[in-house]
Amino acid sequence: MNAYSQLATEVYDLDKPIGHSFGDVEFYRERLKSCTGRVLEPAVGTGRILIPLLESGLTVDGLDSSGEMLDICRTHCRNRQLNPLLFKEKIQDFSLPHRYDAIILPAGSFLLLEKREESLQALRCFRQHLVPGGRLILDLFLQTEFPLHSVTTRSWTNSQGDVLTMEEKMTEVNFLNQYTVSLLRYEKWRKGQLIQTEMQRFPLRWYGLEEFKLVLKDAGFSDIIVSAQYEYGKAPTSDTDTITFEARNVSVS
């Protein structure tokens, strides 16, 4: 999974603050409201969705491979008098002391696993951590634009008045194996002076709708329900829709 270091994490937190919703916060809160056991969010990031779910009364643990992400997540939680269990682990290879009623991956985080075998390994790991009948709920999206070698730049201003910029350039498109690779360059400017820079390699996979149903079935999931644009049970009608898969772990081997 691609690494989020200090600048990448700071930009992420500015761009996607706690509680900011694409429709996913409300959707996941609704889908999980019947959970009486624990919920796990792999790739928890800075807590954008974790914290609203905790505040709604759910018991949610988080894990992430980025220590920088988890540090900010812990700070946001402390500021709200929340104390969830947070683990520094890879989402494709982790071992936790609990089994979960639900495991969630909003916002396409699952697609950050570059290699297909890593994706399959992650699904097997999720299933091992679900109780019998437990649910896996995750979002996917299709890549529909491939601006190879073109450069886009965005900027943010933090609370100290520093300007942060992110330059993105797609450098590889692999249609055969269904992934792209982009290079991200982060810079931090203070009073017109560049004080920090950071590079990030950013791979992103994609899966077709029917393909991913088969992937889930092969990983041991069943009762698959597909939703589009965070409307439960609504069939996708556009290749730009966010697609949510919900599936059950019928038994644990």
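1. The largest cavity of this predicted model has a volume of about 40 Å³. A cavity is a set of points on a 1 Å grid over the protein atoms alone where a 1.4 Å probe fits but cannot get out. Grid points are joined across faces, edges and corners, and a volume is the space filled by probe spheres set on the points. The structure holds one cavity of 30 Å³ or more.

2. The lining of the largest cavity consists of L140, F141, L142, Y207, G208, L209, I243 and F245; lining residues have an atom within 4 Å of a point. Seven of these residues are nonpolar, one is polar and none is charged. Here Ala, Val, Leu, Ile, Met, Phe, Trp, Tyr, Cys and Pro count as nonpolar, Asp, Glu, Lys and Arg as charged, and the others, Gly among them, as polar.

3. Local features need pLDDT of at least 70 and side-chain atom pairs count only at pLDDT 80 or more, while totals for chains, interfaces and linings use all residues.

4. The domain assignment, automatic or from a database, gives domain 1 (6-141 + 206-249) and domain 2 (151-205). Their C-alpha centres lie 24 Å apart. Domain 1 gives 18 residues to the contact and domain 2 gives 23 residues, where contact means heavy atoms within 4.5 Å.

5. The largest pocket has a volume of about 1400 Å³. A pocket is an open set of points with protein on both sides within 12 Å along at least five of seven lines. Of the 48 residues that line the largest pocket, K16, A107, F141, F202 and L204 are the closest to its centre. The elements giving two or more residues to this lining are α1, β6 (151-157), β7 (163-174), β8 (179-190) and β9 (193-205). Helices (H or I, at least four residues) and strands (E, at least two) are DSSP runs, numbered from the N terminus.

6. The lining of the largest pocket divides into 24 nonpolar, 16 polar and eight charged residues. Because domain 1 and domain 2 both give residues to the lining, the largest pocket lies between them.

7. Helix α1 is mostly covered, with seven of its ten residues buried. Buried means under 20% relative accessible area, exposed over 50%, and partly exposed in between (1.4 Å probe, protein chains only). The buried residues of α1 are L7, A8, T9, E10, V11, Y12 and D13. They pack against α4 (67-79), β6, β7, β8 and β9.

8. T9 sits in helix α1 (residues 6-15) and counts as buried because its relative accessibility is 1%. Leaving aside residues up to four places away in sequence, T9 touches Y4, T46, S66, E68, M69 and I72.

9. H149 is exposed, with a relative accessible area of 52%.

10. Over residues 39-134 the chain is 33% helix and 25% strand, with the end C-alpha atoms 10 Å apart.

Terms used
Residues are numbered from 1 along each chain as its sequence is written. Side-chain values use heavy atoms; hydrogens and water are left out.
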